[in-house]
Amino acid sequence: ASNGLVPGKAATLADAIRAYNVNSGSKLSFIEPRGLVNTGNMCYMNSILQILVFCVPFYDFLDQIGKRAAHSFKSDTPLLDAMIMFMREFPVIDSAVSVEQLRMRLKDNELEQYGEAFIPEYVYDVIKRLPRFSSMRRGHQQDAEEFLGFLLEGLHDECTHVLRALPSIAPEVNEATSPTSERSVAGSADGGWMEVGPKQKASITRSSGHVVSDSPITKIFGGNLRSELRVPGLKNSVTLEPYQPLQLDIGAPNVHNITDALKGLTRSETLQGDFNSPRGPGTSATKQVFIETLPPVLILHLKRFQYDNAGGTQKIWKRVGYPLELELPKEVFPPNKRNNLSMRGGLPRYRLTGVVYHHGKNAGGGHYTVDVRRQEGREWIRLDDTVIRRVRSDEVAEGGAEEDPKVLAAALENHKQDIQSGNIFDRFDEEDGEKEEDGQGWSQVNGTQMTPTGTAGKKWSGVVNGTNTGTATPSTKGERTPKGKEFKADRVAYILIYSQIKAQPTSAPLSS
């Protein structure tokens, strides 16, 4: 199978973008992994590019657009063109119409078939020329989540720019992405719309900021938050705000896992001010945020960097639990919508497909690596620039183990003392996360670990096809190439990518 350029399609780029469907039913492509050479502090870009190309709906988007329309680097969509070219760097090993068929077709040696590492120079060149990325200078370490946001925004803007040339059409409503119930709406005098919920209780609903046009990017990654302002004596005021990704605060002591963080997102907040309440001045209001709609691919950003008056920007280094399969808690949805979830097959569920890790003691530097689930749904690989190795799902799950509360409490106390002494994070070099794989670093060959005495140790499930020194050494026999120094225990999850598990609607709704 090949994913090269398909010649001569009549459809224009705009038609191809408008016709994109997340659930297109196209074949699953099992692609050959390739490392990305780090030419100097480029790991933040490498990790994001890798996690996106292994995201099945995003890969399908690039593949569908690339096959249906001709592209030129002198076009109005240079970023989209560069990403399509990047996608084509990964040969298709095999393809099938379903995960089950793909698993049956794949041979053992194909699971460890890796290509040579390369430098996506054309992606870097486009990014260098776009004003949106002006703060990201080559050779300087940057924030991977910020780069992800800029990249998705840039692709979205290019798509909507192209779509403006088409005749106006009514926006499509993707019911599959919405966990909410049906609602009745009517015009409102102040520019919003009246939303009538259960028991005929009305609220005024508005969209905040600029109106986000639909694009393949929002169809894949975009959702809406629902911010409800309740003032005694007045109709509830509801504001819909787009998100992409979903930002999660993890700093609170009671946040041990992402379910805690999701519930914290919806915690009610009391506000003081003049809200023109008929009950007079001094009346307090409450604000609460819920998830209104969910995307097919849910990006969770664990906010690990926060400003501390005593020490500047600091990294929140505690381990935060995350599951391989996530069921969103009912508390994150508006109360009047929760019962209707039963008609949609229960609470929305997602499967973990990628993790971006941050290595390092503080916010001023460090390193990024990524774990990705491959397209047949079982195999995981770990990518560290040019180094690729096969890992088990339980190794990925181990990274999502929660912090021991007693260890965390002691660490927080030491953290406070270290701020004063200037030795912040020094005590945690050997605690959380990965340890050195053996006393000599990476001395494993052909999947066997060598012990310090030179004898063969336990069998490894992974293979590596390169080094992190700037040149790639491809391997076609599963040999492990020395990597150098392994990053120690300061690896923590920073970005989580979850893909929606399609629910089967129940035959009849449960009674409320």
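Me: How many aromatic pairs does a search of the whole structure find?

Reply: The search finds 11 aromatic pairs. Keep in mind as we go that this is a predicted model.

Me: Thanks! How is the pair of phenylalanine 305 and tyrosine 494 arranged?

Reply: Those two rings sit edge-to-face, with 5.3 Å centre to centre and 65° between the planes. The pair links distant parts of the chain: phenylalanine 305 belongs to strand β14 (residues 305–308) and tyrosine 494 to strand β23 (residues 491–501), 189 residues apart.

Me: And tyrosine 494, is that buried or exposed?

Reply: Tyrosine 494 counts as buried because its relative accessibility is 1%. Phenylalanine 305 has 22% relative accessibility, so it counts as partly exposed.

Me: Which residues do ring pairs link into a cluster?

Reply: Tyr20, Phe58, Phe61 and Phe221 are joined that way.

Me: Let's zoom out. What does the secondary structure of the chain come to?

Reply: The chain has 12 helices and 23 strands. It runs to 512 residues, and buried residues make up 50% of them. Taking contacts with a separation of 6 or more, 71% are between residues 24 or more positions apart.

Me: What about the largest nonpolar core, which residues touch the most other members?

Reply: Those are Ile48, Phe58, Phe61, Leu80, Phe86, Leu151 and Phe221, out of 66 residues in that core. Helix α8 gives this core its largest share, 9 residues. There is also a second, separate core of 33 residues, and it includes Leu225, Val332, Leu341 and Val355.

Me: Back to α8 then. At what angle do α4 and α8 pack?

Reply: Helix α4 (residues 78–87) and helix α8 (residues 144–163) pack at about 115°, and their axes are 8 Å apart. That angle is why α4 counts as roughly perpendicular to α8.

Me: Which residues meet there?

Reply: From α4 you have Pro78, Leu79, Leu80 and Met83, and they meet Leu151, Gly154, Leu155 and Glu158 from α8. Sorted by class, the contact of α4 with α8 has 6 nonpolar, 1 polar and 1 charged residues.

Me: Which residues are buried in helix α7?

Reply: In α7 (residues 121–129), the buried ones are Tyr122, Val123, Tyr124, Val126 and Ile127. Their cover includes α2, α4, β4 (115–118) and α8.

Me: You mentioned α2. Where is serine 47?

Reply: Serine 47 is in helix α2. With a relative accessible area of 4%, serine 47 is buried.

Me: What does serine 47 touch?

Reply: Leaving out residues up to four places away in sequence, serine 47 touches Ala144, Val356, Tyr368, Thr369 and Val370. Serine 47 and valine 355 are 308 residues apart in sequence, and their C-alpha atoms are 9.3 Å apart in space.

Me: New topic: where is leucine 328?

Reply: Look in the loop between β16 (325–327) and β17 (349–359). Leucine 328 has 0% relative accessibility, so it counts as buried.

Me: Now the backbone. Is the peptide bond from glutamine 244 to proline 245 cis or trans?

Reply: That bond is cis, with omega near 5°. Proline 245 lies in the loop between β9 (236–243) and β10 (246–249).

Me: Why point that out?

Reply: Most peptide bonds are trans, and most residues other than glycine have a negative phi.

Me: And what is the phi of asparagine 41?

Reply: Asparagine 41 has a positive phi of about 55°, although it is not a glycine. Asparagine 41 is in the loop between β2 (34–36) and α2 (43–53), and at 36% relative accessibility it counts as partly exposed.

Me: What about aspartate 385?

Reply: Aspartate 385 is not a glycine, yet its phi is positive, about 55°. Aspartate 385 sits in the loop between β19 (380–384) and β20 (387–391). Its relative accessible area is 8%, so aspartate 385 is buried.

Definitions and conventions: Residues numbered from 1 in each chain as written. Predicted model: local features only at pLDDT ≥ 70, side-chain atom pairs only at ≥ 80, totals over all residues. Heavy atoms only, no water. Axes fitted to C-alpha atoms, helices over the stretch in contact; angles between N-to-C directions. Helix = DSSP H or I, 4+ residues; strand = E, 2+ residues; numbered from the N terminus. Parallel < 35°, antiparallel > 145°, perpendicular 65-115°, else oblique. Contact = heavy atoms within 4.5 Å. Nonpolar A, V, L, I, M, F, W, Y, C, P; charged D, E, K, R; others polar. Core = buried A, V, L, I, M, F, W, Y, C linked by side-chain atoms within 4.5 Å. Buried < 20%, exposed > 50% of the residue type's maximum accessible area, 1.4 Å probe, protein only. Phe/Tyr/Trp six-rings, centres within 6.5 Å; stacked < 30°, edge-to-face > 60°.
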